[in-house]
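The following note is intended for a colleague meeting this structure for the first time.

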Amino acid sequence: MPTHEMPQPAKEAEATLRKLVDRVLSGYQSIIALHGCSLVNEIPDGFTVMADRNLLSALLEELVEVVVRCSRNTIIRITAKAYHDVILLHVKESDTENSYALLAGLQRIQPLAEQLGGFLDLTSARLRSSTIAFSFPNLPSAA
C-alpha cells in the first residue's frame, strides 16, 4: 500500500525588499497625492529578504500609512541596509504635520514589528522632520 506524505509548506523563497516596498507604495498612491507627498524607494535592486513576506508587507503597509497621514507636501524616502543577518530600514520625511500622531501610530504597529523579531522606533523628530527606523532579523520564517 502506498503511503502518502502530508504536503509540507513551501519554504519561503527570498524576495527583494525593493519589490515588496514598491508593491506597498502602489496601493497608497491616492493618499500620497492627496497629501502632496511623493515616496521614493531608494532600496537597491537585489536586496533580498528571507523574513516572512506577508508579515513584512503588512508592517510596511501600516508604516507607510502612518507616515503619509502625518506628512504634508514632502518627499518620503525609504532606504535599507543589511548588517549581517539584520536589516535596518529607514523612512525619512521632512514635514511631519503631527509628531504625536506619528508616535501613536508607531506604537500601534510595534506588536507587528515584534512578531518579525524586530524593533520600530522614531529616531529623530527635529524641526518637523522625522526618521523612523525599523530593524529586523533577515531570517527565514519558522513554518
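Predicted model: local features only at pLDDT ≥ 70, side-chain atom pairs only at ≥ 80, totals over all residues.

1. Strand β2 covers residues 38-41, with Leu 39 and Asn 41 on a covered face and Ser 38 and Val 40 on an uncovered one. Strands, like helices, are DSSP runs numbered from the N terminus (helices H or I, at least four residues; strands E, at least two). β2 runs parallel to β4, the two being joined by four bridges; within this pair, Ser 38 stands opposite Ile 75 of β4. Two strands are taken to pair if DSSP finds at least two bridges between them.

2. Residues are numbered from 1 along each chain as its sequence is written, and side-chain values use heavy atoms, with hydrogens and water left out.

3. The overall composition is four helices and seven strands, arranged from the N terminus on as β-α-α-β-β-α-β-β-α-β-β. Of the 143 residues, 41% count as buried, where buried means under 20% relative accessible area, exposed over 50% and partly exposed in between, with a 1.4 Å probe and protein chains only. Of the contacts (heavy atoms within 4.5 Å) with a separation of 6 or more, 70% involve residues 24 or more positions apart.

4. Strand β5 pairs with two other strands. With β4 the pairing is antiparallel over seven bridges, and Lys 81 has Leu 88 of β5 as its bridge partner. With β7 the pairing is also antiparallel, this time through eight bridges; here Leu 88 stands opposite Ser 135.

5. The largest nonpolar core has 42 residues, and the members that touch the most others are Leu 17, Leu 56, Leu 63, Ile 78, Leu 89, Ile 132 and Phe 134. Such a core is a set of buried Ala, Val, Leu, Ile, Met, Phe, Trp, Tyr and Cys residues joined through side-chain atoms within 4.5 Å. Elements giving two or more residues to this core include α1 (17-26), α3 (53-69), β5 (86-93) and β7 (129-137). The largest share, nine residues, comes from α3. In soluble globular proteins, nonpolar side chains tend to be buried together.

6. Which residues surround Leu 89? Leaving aside neighbours within four places in sequence, its contacts are Leu 17, Ile 43, Leu 60, Leu 63, Ile 78, Thr 79, Ala 80, Ile 132, Ala 133 and Phe 134. Leu 89 counts as buried because its relative accessibility is 2%. Its C-alpha atom is separated by 8.5 Å from that of Phe 136, which lies 47 residues away along the chain. Leu 56, another core member, touches Leu 17, Leu 20, Val 49, Leu 116, Phe 134 and Phe 136, not counting residues up to four places away in sequence.

7. Helices α1 and α3 pack at about 50° with axes 10 Å apart. Axes are lines fitted to C-alpha atoms, for helices over the stretch in contact, and angles run from 0 to 180 degrees between N-to-C directions. α1 and α3 are therefore oblique to each other. Angles under 35 degrees count as roughly parallel, over 145 as roughly antiparallel, 65 to 115 as roughly perpendicular and the rest as oblique. Residues making this contact include Leu 17, Leu 20 and Val 21 of α1 and Leu 56, Leu 60 and Val 64 of α3.

8. The axes of α3 and α4 come within 10 Å and cross at roughly 175°, which makes the two helices roughly antiparallel. Among the residues that meet are Leu 59, Leu 63 and Val 66 in α3 and Leu 102, Leu 106 and Ile 109 in α4.

9. His 84 has a positive phi of about 55° and sits in the turn of the hairpin formed by β4 and β5, with two residues between the strands. With a relative accessible area of 83%, His 84 is exposed.
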